[in-house]
Amino acid sequence: MMALQRNIFNLVFGINILLVFLLIFENSLVIPPWLQVMGRMHPLLLHFPITLVLLFLFWHFVVVKKMVGNEWIINIDRWLLLITAFAASLTALMGLFLSKEKGYDVNALQLHKWSGIAIAFITTIWFAYQEWVQKIPWLHYSIAVLSIGIILFTGHQGGTITHGPNFLLAPIESVSAQQEVLLSEAEIYTHLVQPILQTKCYSCHNDKKSKGELRMDTEALLLKGGKSGKLWDSTAPDLGLLMSRVHLPLENKKHMPPIGKPQLTDIEIQILEAWIKKGANFKTKLIDLATNDELRMIGQEKFSKSAIDEFDFEPASTASLKKLNTDYRVVTPLSKTSPALQVDFFSPAAFSLDQLNELLEIKNQVVSLNLNKMPLKDDALSIIAQFANLQKLNLSFTQITGKNLNQLNQLKSLKQLSLSGTKVSKEDLMTIAGLKNLNALYVWNTKLTDNEIIELKKSLKSVMIEKGFTDDTSIIKLTPPILLNEEQVITTPIKLKLKHYINGASIRYTLDGSEPDSINAKEYSGDILLSGNTTVKAKAFKKGWISSNTIETYFFSSKFKPDSAVNILRADDNYRGDGASTLIDLAKGELNNFKSRKWLGYKLNRMESLLLFNTTVKIKSVTLSTLVDIGSYIMPPTSIEVWGGNELSQLKLLGRLTPPQPTAVTKGYLKGYEINFAPTSLKYIKVIAVPIAVLPKWHPGKGDKGWVFVDEVYVN
Amino acid sequence: MNKELLEHSLSFNRRKFLSKLSLGIGSVALGSLLIPDLFSGKPDEEALMAGLPHFAPKAKRIIYLFQNGAPSQLDLFDYKPKLQEMFGQDLPESIRMGQRLTGMTADQKKFPLAGTVFNFKQYGKHGAWFSELLPHIAAVSDDLCIVKSMYTEAINHDPALTFFQTGAQVGNRPSMGSWLSYGLGSENKNLPAFCVLLSKGSGNGQGVYSKLWTNGFLDSIHQGVQFSSGDNPVLYLNNPESISKDDRRKMLDKINALNAESFKEFGDPEINTKIQQYEMAFRMQTAVPEITDMSKEPESIVKLYGPECLVPGTYAANCLLARKLSENGVRFVQLYHQGWDGHNNLPGEIKGQCKDVDQASAALITDLKQRGLLDETLVIWGGEFGRTNYCQGALSKDNYGRDHHPRCFTIWMAGGGVKPGVYGETDDFGYNIIQDKVHVNDFHATVLNLMGLNHEELTYKHLGRRYRLTDVAGKVIDGIIA
């Protein structure tokens, strides 16, 4: 052995002696802070002995054997064992320092400590006596096997201390073993407090071992307290014995849990304190607390909000799910992790009872079944009754009569039942009183009377019975009829098309501008032809309803379409449409878009346009179609003149109109002005319309000039 | 997609496994690291388990009654008598604290406080305040979870609306409904998982664009399907004239066979998506007319929702349709009602808006409840932000306007696992939140939680990073979960 090796070995030997010494005086050991730092390097160093032990064994039993007699290989072999012993000893020493810090589970620590020390001793001794060990094969091999075993065991124990019990295997163990608690069902005592007592207190205060004459394993015994008295007093500042013991300094003999035992965490102390402060009730649920309550917030973190593992049955097979899912029958799990299924049926036309029967394959998994509007009859109930875990059943608007409804009593888990729009009676519903979990029953649109529902509530006490909106006696107003005619200009007679969407509503109309009433006005039948300028007024009536508002539409007649048109004065640059031809294209302008090219707007100029016919026509009226939109300064013309004749130079005034001006701001409307005159034969018509020069005082733009907007001129 | 590519290439590796064992083991081992469930070996199960909630949900479906344009919380829910006392006085700077303003009131020299002109009363067992404009909603207040402490970051409609619908102020992120469709799939295979219904009120309106129901970077199958009010509720769904249902079936069979061929060759999952979509559209041809037919609704329903519910395109009709879609398993029904943007003439406009929505919104809750569906359906009612406590433009005794206000506003939810009551509180001025703030991200996290989804786990990898509806923020608000 060369000098360097010898020196290192001496160091290793020294560490081992120190280890023995420290173990003997372990109980009076106090670690100074600087040594604590050394101790905390244990988690770093521990990886060396693990690797080195394995590496050495590999070298020793594989490489060395293969390369017999190679001095260099044997030299490395020796070095490896020495470094292994050194690392194992140092790690064990530091581990011992670290173990003196608070907070480790004493029981788990013991095994790790002794096995760690064993590795240090074994490797050290092996190095010291390696020649001798080499000579006794059984010893040689068993010491190797022992080393591997102990190093693996020590490592695993260490992992357990650091990462918690069962750290290694947790990912492959079945998840369903963990019972998840729902927030909605969690109780403060059972789910928050008791688990703390179980892990931190029961070991000394149970039926076998009741230190201080205290047992904590039942509620009654908790209330009874121990030798020193009751455990808590919600009104005391320190909340009584239990909490004051918890808060004593760790060194104090009365501190609980005693030194060396697993201590309460801050959050556990917070839970115990809050629970006692609230009166240490054993039944209070978490959701009964205010949302900002500290316990509730802790619980919200801890307990799932959803019903993930509410169900204790096995999930259905993927094959069944795939097979049973069709375009009209949709089977889906409640969530990715839930074994529970919901089934919805769509499209009544595609429904058959077989489809329900097929579902029996997954009868244990279905918790929600929606058969809304499906044409199923009473015989389906015996199938439905087999879905043992059903919680929600929708039979609204099915054809069940209520007969055999009592079969549903087999659905012990049923919480919600919808029977709206079916023929069920009170007597039928009385037969399902056996559904103890039922909490909501929907019976809208059934023949149940208010009194019957009151009686029903007496026998189904915990059930919310929803009867919904009943068609009360209030009288409501009809909507106005709707005019379907898209054309507003009549060149040849057209059919009047009116519609009302409410069944049984009749439409009455007039064509002469008078108000339609329910007696004199004609009832609309669909065969009315319109010709000539016509004001249609229509109104809807129905017995038991208030009659609608009147709608009013103006149809313009256009018998003669001019062949061309010319603007004598230009329209405003912003509203010049497609020039003068806009006036004779029979395209109506829209009410709420005067910027469209269907309108011509005039402000500075008056409208002065010429309509030309290629051949002489005999006419008796000209209609100017305009827009009135007072808010946008668009007013009726102050005067309209129609001139006509066969020669451009000899036009005569045929008629003149001074439209009435409005007196207040109203919504916009379309307005036609008809100028009648004695029948005249002519080729040329000139139309003049003058915009208002000064807007009246009541107008927001008083004093300004107003506009005239024209979309069409009709000649009849 | 990455996963599919990997699996595709790995399917060759399995072959190599036999010939080149070492390489095979290496790559399969690597593969198992990259695709964690490679060795679970049950693609069937995987397909079945995709689109399942992470944990058992409280709500299965959502109906979102979006009040587009932002209703004034101060005239509907958040009663502030102090504003009436201080009517016309300037909003103290100590309250406004430099809040960013819109271009519409930024130049205003004064911010005169405008107390509501409407009467308020307390209703129900939670003593929630409602103005006289919402008698029907007030009557169902015991079922409502009223959140008075919502806040957002955006101050203009489009970003605010986009934020509420997609979790980001800029466009092109998937909409809430798309995320739910992606996370939970469709309940009824004959209808889209995400449907959109529009209606317009008489008040000052703001645009609604299809980007609000976009699938963004998610698969196109998750896009919202807009139902319109005419004879063709879903555009291009009907067969053209002279094509019968059988013809269509035959055509689809042939197309599907071709598509299946090409899937075998290329393994592109979009091909399968396409096949599924064709098939769903085919089934929708039967399912949609059944659902949109209102003529069989009993008269009591008409009275419950109000007679307008039979007039297609109205808010009431959309509420009734929403109930029918939801009842038939549509995961997310999104309504938009326009016209709440009361910058001017607010008292007059809001009356009309409330008349449109009050009865039908309440009716939807009653209707779901009487069918036993309310507990599994989450109904949400609210706009994209609130309105200011001060007047925009000229203030008079009975007329005022209110600008956009992001710092506090009220929404309500019902059914689906929410806890009825009033959550959160604003200061006496109705300007700042003093208790229990709820950010838009928090709202999304909470809604996903109610649907059984962990908002941090519902992710989609796009452009090199994982996206969530709540992106990098949001916490579940336990106080509103029952």
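## Strand β1 of chain B

Six bridges join β1(B) to strand β7 (residues 332-338) of chain B, and the two run parallel. Strands here are DSSP E runs of at least two residues, helices are H or I runs of at least four, and both are numbered from the N terminus. Two strands pair if DSSP finds at least two bridges between them. B:Gln67 stands opposite B:His337 in β7(B). Six bridges also join β1(B) to strand β8 (residues 377-382) of chain B, again in parallel. There, B:Ile63 has B:Val379 as its bridge partner.

Strand β1 (residues 61-67) of chain B is mostly covered, with seven of its seven residues buried. Buried takes 20 or more other C-beta atoms within 10 Å of the residue's own, with C-beta atoms placed from the backbone; exposed takes 12 or fewer, and partly exposed lies in between. One side carries B:Arg61, B:Ile63, B:Leu65 and B:Gln67; the other carries B:Ile62, B:Tyr64 and B:Phe66.

## Basis of the model

This is a predicted model: local features need pLDDT of at least 70, side-chain atom pairs count only at pLDDT 80 or more, and totals for chains, interfaces and linings use all residues. Residues are numbered from 1 along each chain as its sequence is written, while chains are lettered from A and ligands numbered from 1 in the order written.

An automatic or database assignment sets the domain bounds. Chain A has domain 1 (3-163), domain 2 (181-302), domain 3 (318-466), domain 4 (482-556) and domain 5 (559-715). The C-alpha centres of domains 1 and 5 of chain A lie 109 Å apart.

Helix α8 (residues 137-163) of chain A has 27 residues and should span 39 Å; its end C-alpha atoms are 39 Å apart, which agrees. The expected span is 1.5 Å times one less than the number of residues. Buried in α8(A) are A:Ser147, A:Ile151, A:Thr154 and A:Gly158. An α-helix has 3.6 residues a turn, so residues three or four places apart point the same way. The cover over the buried residues of α8(A) includes α4 (47-66) and α6 (106-128) of chain A. A:Gly164 follows α8(A), with a positive phi near 100 degrees.

## The open sheet of chain A

Five strands of chain A form an open sheet, ordered β9-β16-β15-β12-β13, with mixed pairing. Its edge strands, β9 (489-490) and β13 (522-523) of chain A, each pair on one side only. Strands β12 (residues 506-510) and β15 (residues 534-541) of chain A pair in the antiparallel sense over five bridges. A:Arg508 has A:Lys539 in β15(A) as its bridge partner.

How values were computed: Contact = placed C-beta atoms within 7 Å.
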